[in-house]
Amino acid sequence: MFRVRLAVQGVYKRNYVSDSPPNIKNSVMTLPKYRRYLKPVDPKLEEKYASARVEQGWSREWAEAESRESDKLSLFENDNYGNNKHNLFRMVLPPPNITGDLHLGHAITVAIEDAICRYRRLNGDQVIWIPGTDHAGIATQAVLDRKIAREAELNSQPSANQNSHWSTKDVEYRLKVAENWKLQKEDRIFEQLARMGASLSWSRKLFTMDEKMSACVNEAFVRLYQHGFIYRNKRLVNWCTKLQTTLSDIEVDYIDVQPNQKLDGVNMGCMHNFAYPIYQGGNTGGSNGDDNGRGEVIVSTGRLETMLADVAIAVHPEDKRYSHLEHLKTLLEHPLTGRKLILIKDSEVDINSGTGAMKVTPAYSKIDYEMCQRHGVSDFVECFDDRGRLTLEGFQGYNRATATDKIKAKLEERGLYRGSKAVTRSIPICSRTGTLVDQRLRPQWYLKCDDLAQRALEEVESGRVSMVPAYHAKIWKDWMSKPQDWCISRQLWWGHRIPAYRLPSSADNSKASWIVTTDDRSVPPGAERDTDVLDTWFSSALYPLVAFGWPKVSRPPTLNLMETGHDILKFWVARMMIVSLALTDRPPFKKIVLHGLLRDSKGQKMSKSLGNVIDPLHIVEGASPEQLYKETEKLFAKGYLNEKEKNRAHQQTSRLFPKGVLPHGADALRLALLSCDVYMENVSFDVQRVITARNFCNKIWQGVRFYTQAIMTNVSESKKHLEPFDVSASATLDEFDKWILARLHSTQDTVKKSFETFTSQIAVNELEKFWITGLCDVYLTHFCTS
């Protein structure tokens with residue numbers, strides 16, 4: 001036993017391929033390169049494993065050691081081709097949003113990446129793993145708007161109307177609130193990361209709106225504009241009437257509404273049918289009845305108020321019901337405005353849906369917009385303001401619900417309303433506010449993506465950038481093969497203000513109307529800075545470049561690895577690639593590794609409103625039922641949850657944790673997460689895994705404790721302070737010694753292979769088998785009996 005007491009810290013040079021006792025005569029056990037991470041162990045171990053005491057001691061020592069090591073390293077230890085000279089491993093932790101505390105979804109990222117970094121260090125690499133936080137533009141603003149409104153309500157104070165433009169004074173106040181919020185949340189996030197044992201390069205941390213990052217964001221915008229990648233245009237965008245801003249696709253959720261279900265006061269579970277009379281001066285004849293002999297075409301819509309912006313009616317060219325109507329010649333008359341609508345025949349129309357005719361509203365539908373583009377129809381009508389209220393004469397100031405009722409009444413008066421049908425359908429809502437999302441024509445800033453997307457696709461298909469799991473390469477190809485230009489502007493008060501100045505009395509979309517610069521002194525008098533801010537993903541896309549020296553270094557070294565969740569492959573990883581190619585002419589990373597989305601034991605998405613979101617520190621340090629109750633109440637008070645969601649969260653928490661959450665320690669949490677198949681699309685997680693992992697931690701503790709007691713009994717007083725030593729210097733090994741060392745070597749091989757292939761669950765399983773079965777159940781049992 002004494003002869004192999006530090007076998008778990010050594011590496012055999014012989015290649016044992018089985019569990020059979022090997023012939024190790026003349027074999028040499030050597031300490032690996034990671035001896036600097038070892039320290040003498042006090043043999044007087046406590047009887048019970050106390051995770052908090054043990055982990056805090058090691059965490060302090062590791063944090064101090066890693067900080068010293070990282071501070072000594074240069075970010076640019078590479079040759080002219082970006083290759084490492086000194087085995088420097090570079091990685092960034094995906095910056096968590098400052099919208100709230102970390103949850104288990106963040107914990108799985110930390111567990112995976114920290115294990116990778118520790119593995120690289122054990123292989124002799126020096127590691128720079130940079131942490132940071134993301135300002136998370138629209139997400140943070142939505143949280144703070146609710147927070148400010150809730151506090152104003154509790155204090156019986158007037159609150160600024162969210163559905164109005166912000167005054168300068170109000171924006172200044174909100175920015176102060178946001179700065180205080182950022183400081184609190186950033187401290188809490190870093191506290192959570194440290195307590196989970198993340199061995200980060202803390203001295204290099206970033207915030208996506210700190211002074212350094214802000215300067216780099218402005219510089220990137222100007223360079224991309226000067227190189228022709230950024231332009232301004234008026235196009236259809238997703239629009240939230242509550243926040244009064246454009247939304248990215250990731251910020252739009254789709255929900256199924258039930259028959260006659262209302263949202264924002266509008267019956268969204270209903271389809272309205274009404275008729276468009278054929279204009280007398282156009283081709284006569286009818287379909288689906290007639291209007292005083294003129295003929296009519298009946299259409300159906302779930303958004304009756306948008307009919308005020310209709311410019312055309314579309315039918316399928318092979319629909320015999322409309323064969324007598326001529327493409328782009330037949331006109332129909334708008335029953336409320338008198339505007340003339342043209343008839344379009346387009347093969348994209350569903351001939352089997354309803355009457356086979358569809359209303360065309362290009363200013364509020366991408367499908368309709370594209371159809372008008374195909375047929376040269378440019379008569380776009382806009383009838384809503386930023387708040388979703390109507391602007392047309394006779395309906396001015398009406399909200400959606402009132403407008404729908406008024407339009408229905410007027411159609412009934414004219415005998416053109418053809419009834420309604422209750423339906424179940426899917427509608428888009430803002431993920432931040434839950435309000436209905438419109439599509440609107442708005443002038444915005446865009447980043448050209450076609451050529452850059454093609455280059456990004458070539459980087460992956462050529463193998464210069466690899467992807468794990470490999471099946472994500474197909475998703476990458478599908479997206480990069482059909483790129484859309486990226487809308488990078490938002491109408492928010494929280495974010496990076498766009499460094500563009502509009503000249504007075506100039507057209508909005510004209511390039512000559514704007515000056516884009518980082519130098520305020522070059523701006524002529526009278527020019528006003530754009531009030532829009534950049535999409536939060538724009539600064540996030542720059543994160544790995546800025547972290548390693550851009551723009552001071554024109555081509556910063558690439559990351560060895562980009563590890564993150566697969567759900568942001570398109571929204572973050574792809575944009576990092578595109579922006580890096582545009583600014584540095586090379587990819588920002590060599591390998592992309594994507595883990596799955598963490599779900600609860602029933603496969604449900606973890607959500608605050610469902611009550612199944614767990615603070616990692618509750619698992620690490622424990623939480624009483626009263627503490628869990630107070631946490632949910634805090635979420636309600638801060639505006640994260642409404643009354644219904646709060647009650648549901650309380651019920652779910654009481655069901656899952658009737659006695660609270662017991663403390664298990666950071667090691668147990670990380671081990672439990674790594675025991676999952678983390679690279680599946682969805683990763684089911686049960687708290688029972690943490691209990692199993694903690695039992696394993698205790699098994700390790702008791703095994704070492706048993707061994708140290710044996711050492712204290714069998715060696716002299718001068719030898720009782722345990723130090724690493726060379727096994728080859730000890731006496732001849734017996735058969736059981738040889739057997740356990742062979743098992744150890746086999747375990748080492750399996751663990752190494754699992755880390756190289758990113759299959760952590762295999763490593764965890766192999767370590768458990770070695771320690772519990774091989775070492776404790778067999779080897780130590782034999783030692784006791786002999």
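Asp101, Lys185, Arg188, Glu191 and Asp615 are joined in a network of salt bridges. The model is predicted. In total, the structure holds 41 salt bridges.

- Strand β12 covers residues 270–277 and pairs with β18 over four bridges, in the antiparallel sense.
- Methionine 271 has lysine 421, in β18, as its bridge partner.
- In general, the strands of a sheet pair through backbone hydrogen bonds, either parallel or antiparallel.

**Arginine 53 and glutamate 46**

- The side chains of arginine 53 and glutamate 46 form a salt bridge, at 2.9 Å from N to O.
- Arginine 53 has a relative accessible area of 47%, so it is partly exposed.
- Glutamate 46 is also partly exposed, because its relative accessibility is 35%.

**Glutamate 382 and lysine 234**

- A salt bridge joins the side chains of glutamate 382 and lysine 234, with an N to O distance of 3.1 Å.
- This pair links distant parts of the chain, 148 residues apart. Glutamate 382 sits in the loop between α6 (366–374) and α7 (400–413). Lysine 234 belongs to strand β7 (residues 230–240).
- Glutamate 382 counts as partly exposed, at 31% relative accessibility.
- Lysine 234 has a relative accessible area of 36% and is partly exposed.

**Aspartate 585 and arginine 455**

- Aspartate 585 forms a salt bridge with arginine 455; their closest N and O atoms are 2.5 Å apart.
- Aspartate 585 lies in the loop between α12 (569–584) and β29 (591–595), while arginine 455 lies in helix α8 (residues 450–461). The pair therefore ties together parts that are 130 residues apart in sequence.
- Aspartate 585 is exposed, with a relative accessible area of 51%. The cut-off for exposed is over 50%.
- Arginine 455 is partly exposed, at a relative accessible area of 29%.

**Charge pairing**

- Side chains of opposite charge can pair when their charged atoms come close.

Note on methods: Residues numbered from 1 in each chain as written. Predicted model: local features only at pLDDT ≥ 70, side-chain atom pairs only at ≥ 80, totals over all residues. Heavy atoms only, no water. Pairing = 2+ DSSP bridges. Helix = DSSP H or I, 4+ residues; strand = E, 2+ residues; numbered from the N terminus. Salt bridge = Lys/Arg side-chain N within 4 Å of Asp/Glu carboxyl O. Buried < 20%, exposed > 50% of the residue type's maximum accessible area, 1.4 Å probe, protein only.
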